Amino acid sequence: FPKARRLAGNPRPRLMGYDAGAYEVQGDETVADVWTWYGSDYTMDGDVGGAHWRKMSYGAPYVVPAGENVRITDRVGYQTATLSVKSNSTFGNVTFANTNTDLRIADAGGTWDIESLANKTSAGALTLAAKMNIWSAFAQGGTGRLNIEPGAAVTIGGTFTIENTSAVTQTGGSLTVPSGNNTQMWNWSTYTIKDGVFNFGNDIYIHNNSSMVVEGGEVNGGRISVAQGDRTALFIEGGTVNVTRIETGDTSGARYGNVLQTGGIVNVTGSGSGKQAPLHISHWPGSSTYTLRGGELNVRNGEVRLGQDGNGTLRLEGGIARLKSVAISNGRVQLAGGTYEAPEAGVTLQATAVEGTTSTIKSYPDGDPARALTLELSGSGTVNLPEGSYRGTITGPHVMLGEKVWFYGTIDHSAGEKTLTLPGHTYANIQGTYKPGQIALSSEPPSGVRTAILGVTDFTATTNFTTADITLVG
């Protein structure tokens, strides 16, 4: 067919196009199958495509009666076929099964209303760049690829399933799964968000060695579950993630699942504690880890719970973590870099400082000693306390005290050669016990003043200790 043709006289015609042709359906005719060959464009409602776009002066919305199924396939094409609608068009159950040609759903000013959608491609890609309401469900399967591009505004009124090694890439637009419906990722599948917005209502299940990668854009919704596979993972490299809960290892079976954040902002907004903690790492038997290597992790309204029946690890290597409270049922917090900031007064941090690393811990600027940040620190790394009030016990780690630091508790460096480092113009007070190993001054400040004042109420002297350029008070 070298140009657009009107197909009439058959209530269920089959459209077959090739060589960049374009085809039109008028009135209330029903199409059972659409076959596109060699990059032909099939355009609804009188808008034709091909090498040169032309607008037809006639045509009506293409309507498929309820329950009617549409199967759009190609057999031997090697280019991209484009489909679009000029005005709103209603479809029944639509299945894309193109095996070679990439198929693009373009925005021509109309909205696709579809009962259900299935993409079962084996080689080609399905690209959505139009307004689409999918009323029932969307299944992305096979080894095919689904692309969501700028211009897309897709709403899925049922379950969104990504399965069986398939891949979804979003570079713009919006994808919405409303409240009451879930997004499911099974069996080595991947959803990558480079830009755009993904709004999900209830839960995202990242299971069975699948992964979700957030490189940019926004992800907004309820709970993210990462479980059932030692390679199941949530990667956050950029963008913003706003969710009520993140849980790993929270189902039966292979109870694993890890989170690696190297950038972006994660806001976990739920409240609760114990099994209802908004961030729960490794609920069921197994081992899971949340690693923060960059970006921001904010859990301000509820508890971070490590382990239950499983073993959970929160590892801070970079970035900034603002955590209201961390409860350890079975697990640990590892300080291996980055910054922990107390989001409010009176919270507690129990952690191990990893050897060879330096981590910064910032107290909440409250000023009330009774509401100071409580530390329970062990290990052999270095912790930097830059300013403010702290409480608790530090046994093992090297400690760097900044200007005007008050510490209420015990710093114990009696075992091994551990160092307390003071900037030359520090006024630091330890309202408790200090068992020193070594005291050192940091690099000389611009004023040239190298004298530090260290107030200690209970000073236990050891042999490996000098006080050059340090004034002890107490």
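Reader: Before anything else, what does buried mean here?
Author: Buried means that a residue has under 20% relative accessible area. The model you are looking at is predicted, and in it strand β12, residues 125–128, has A125 and T127 pointing one way and L126 and L128 pointing the other way, with all of them buried.

Reader: Which strands does β12 run parallel with?
Author: Strand β10, which covers residues 102–105, runs parallel to β12 and is joined to it by three bridges. Strand β15, covering residues 145–148, is also parallel to β12, and four bridges join these two.

Reader: Which residue of β12 does I105 stand opposite?
Author: I105 stands opposite L128 in β12.

Reader: Okay, stepping back, how many helices and strands does the protein have?
Author: The secondary structure comes to zero helices and 46 strands.

Reader: And how much of the protein is buried?
Author: Of the 474 residues in the protein, 53% are buried. The protein exposes about 18500 Å², and carbon and sulfur atoms supply 46% of that area. If you look at the contacts with a separation of 6 or more, residues 24 or more positions apart account for 40% of them.

Reader: Where is N119, and is it buried or exposed?
Author: N119 has its place in strand β11, which spans residues 111–119. Because its relative accessible area is 0%, and the cut-off for buried is under 20%, N119 counts as buried.

Reader: What does the side chain of N119 make a polar contact with?
Author: The partner is the side chain of Q140, at 2.5 Å.

Reader: Switching to β38 now, which of its residues are on each side?
Author: Strand β38 covers residues 382–385, with T382 and N384 on one side and V383 and L385 on the other. These four are all buried, and both faces of the strand are therefore covered.

Reader: What does β38 pair with?
Author: Strand β36, residues 358–362, pairs with β38 in the parallel sense over three bridges, and in that pairing T382 of β38 is the bridge partner of T358. Strand β40, residues 398–401, also runs parallel to β38, with four bridges joining the two, and there N384 stands opposite M400.

Reader: Why does T357 count as buried?
Author: The relative accessible area of T357 is 18%, and because buried means under 20%, T357 falls within that class.

Definitions and conventions
Residues are numbered from 1 along each chain as its sequence is written. This is a predicted model: local features need pLDDT of at least 70, side-chain atom pairs count only at pLDDT 80 or more; totals for chains, interfaces and linings use all residues. Side-chain values use heavy atoms; hydrogens and water are left out. Buried means under 20% relative accessible area, exposed over 50%, partly exposed in between (1.4 Å probe, protein chains only). Two strands pair if DSSP finds at least two bridges between them. A polar contact is a pair of N or O atoms within 3.5 Å; within protein, one must be able to donate a hydrogen and the other to accept it, and residues adjacent in sequence count only if both atoms are side-chain atoms. Contact means heavy atoms within 4.5 Å. Accessible areas come from the Shrake-Rupley method with a 1.4 Å probe; for residues, only the protein chains shown count as cover.
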